[in-house]
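The sequence and the model are shown first, and the description follows.

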Amino acid sequence: MMSIRHAVIAACAIVSATVLSGIFSTASGLASPQPETSAATAVTGVDARLAAAVLRVLARYRVPATFFNIGVNVAARPGLARKEVRAGYAMGNHTWDHPNLVLLSASRQAAEMGRMSAELRAATGVLPCVFRPPYGDYNSVTLRLAHQRRMGVWLWSVDTQDWMARGSGSAYWVNRIIRLAEQEGGALRHPVVLMHNQPIGNPATVAALPVIIRFFRAHGYRFVKL
């Protein structure tokens, strides 16, 4: 009998808007953090629509997710953060504006975490339960500050590199994302798979997500929150 394994798709949800960059990584059976773009790029509403499409995919397949939000984007699109909470997804902290934390003092790291958490609470009434450092870079100060705020720290174990598509929805990128998720994740007992929705939106991620979900389910994985 095939044993049930855990798959986690880490969602770095980024509620983005004009003049703010957005990163949306989705979690529901496969991934966690990866290099992302910074917050400062003008965008249109396209990524908001694609973010909604990801939520629909997760709901259709009844897959739990963990969303790591950037504070400036929660401030810009609080309604999207509220949708994530209403849907029952775990909420993560991905700092206020996505700096490299190891270059910051302890007080500035604390401010990045604290300001984002305060924004999320104001928008949704909940505090984040997990933390993901931008770019996956952290130090002992980062860990201490996150734990003081009752947030577990998570990184990824499977990198779909979907952020490299940079808005393309071509079959090449869709297939590449799927291949990386299956090859890397299928070799792990508890894969944490990272996916994003970038400032201009990532249609390849939306197209690949259902295929990835079906693959892990077919191989005996059970999707869980981080």
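## A residue in strand S2

Asn 69 is buried, with a relative accessible area of 0%; buried means under 20% relative accessible area, exposed over 50% and partly exposed in between, computed with a 1.4 Å probe and protein chains only. Asn 69 belongs to strand S2, which spans residues 66-69. Its side chain reaches the backbone oxygen of Phe 67 at 3.5 Å. A polar contact is a pair of N or O atoms within 3.5 Å; within protein, one must be able to donate a hydrogen and the other to accept it, and residues adjacent in sequence count only if both atoms are side-chain atoms.

## Basis of the description

The model is predicted: local features need pLDDT of at least 70, side-chain atom pairs count only at pLDDT 80 or more, and totals for chains, interfaces and linings use all residues. Residues are numbered from 1 along each chain as its sequence is written, and side-chain values use heavy atoms, with hydrogens and water left out.

## The chain as a whole

The protein chain has seven helices and eight strands. Helices (H or I, at least four residues) and strands (E, at least two) are DSSP runs, numbered from the N terminus. Of the 226 residues in the protein chain, 55% are buried.

Among contacts between residues at least 6 apart in sequence, 74% join residues at least 24 apart; contact means heavy atoms within 4.5 Å.

## Helices H3 and H4

Helix H3 (residues 78-86) and H4 pack at an angle of about 75°, and their axes are 9 Å apart. The axes are lines fitted to C-alpha atoms, for helices over the stretch in contact, and angles run from 0 to 180 degrees between N-to-C directions. H3 and H4 are therefore roughly perpendicular to each other, a term for angles of 65 to 115 degrees; those under 35 count as roughly parallel, those over 145 as roughly antiparallel and the rest as oblique. On the H3 side, Pro 78, Ala 81, Arg 82 and Val 85 meet Leu 120, Ala 123 and Thr 124 of H4.

In helix H5 (residues 140-148), the buried residues are Thr 142, Leu 145 and Ala 146. They cover an arc of only 100° around the axis, which puts them on the same side of H5; the arc is that of the directions from the helix axis to the C-beta atoms. These buried residues pack against helix H4 (106-124), strand S4 (130-131) and strand S5 (152-153). Ser 140 and Gln 148, on the other side of H5, are exposed.

The N-terminal end of H5 is capped by Asn 139, which has a side-chain oxygen 3.1 Å from the backbone nitrogen of Val 141. After H5 comes Arg 150, with a positive phi near 60°.

## Two further buried residues

Leu 104 lies in the loop between strand S3 (90-93) and H4 and is buried, with a relative accessible area of 13%. Leaving aside neighbours within four places in sequence, Leu 104 is in contact with Pro 99, Gln 109 and Glu 112. Leu 104 and Thr 142 are 38 residues apart in sequence, and their C-alpha atoms are 9.8 Å apart in space.

Trp 173 is found in helix H6 (residues 171-185) and counts as buried at 15% relative accessibility. Beyond its neighbours within four places in sequence, Trp 173 is in contact with Gln 161, Met 164, Ala 165, Ser 168 and Ala 204.
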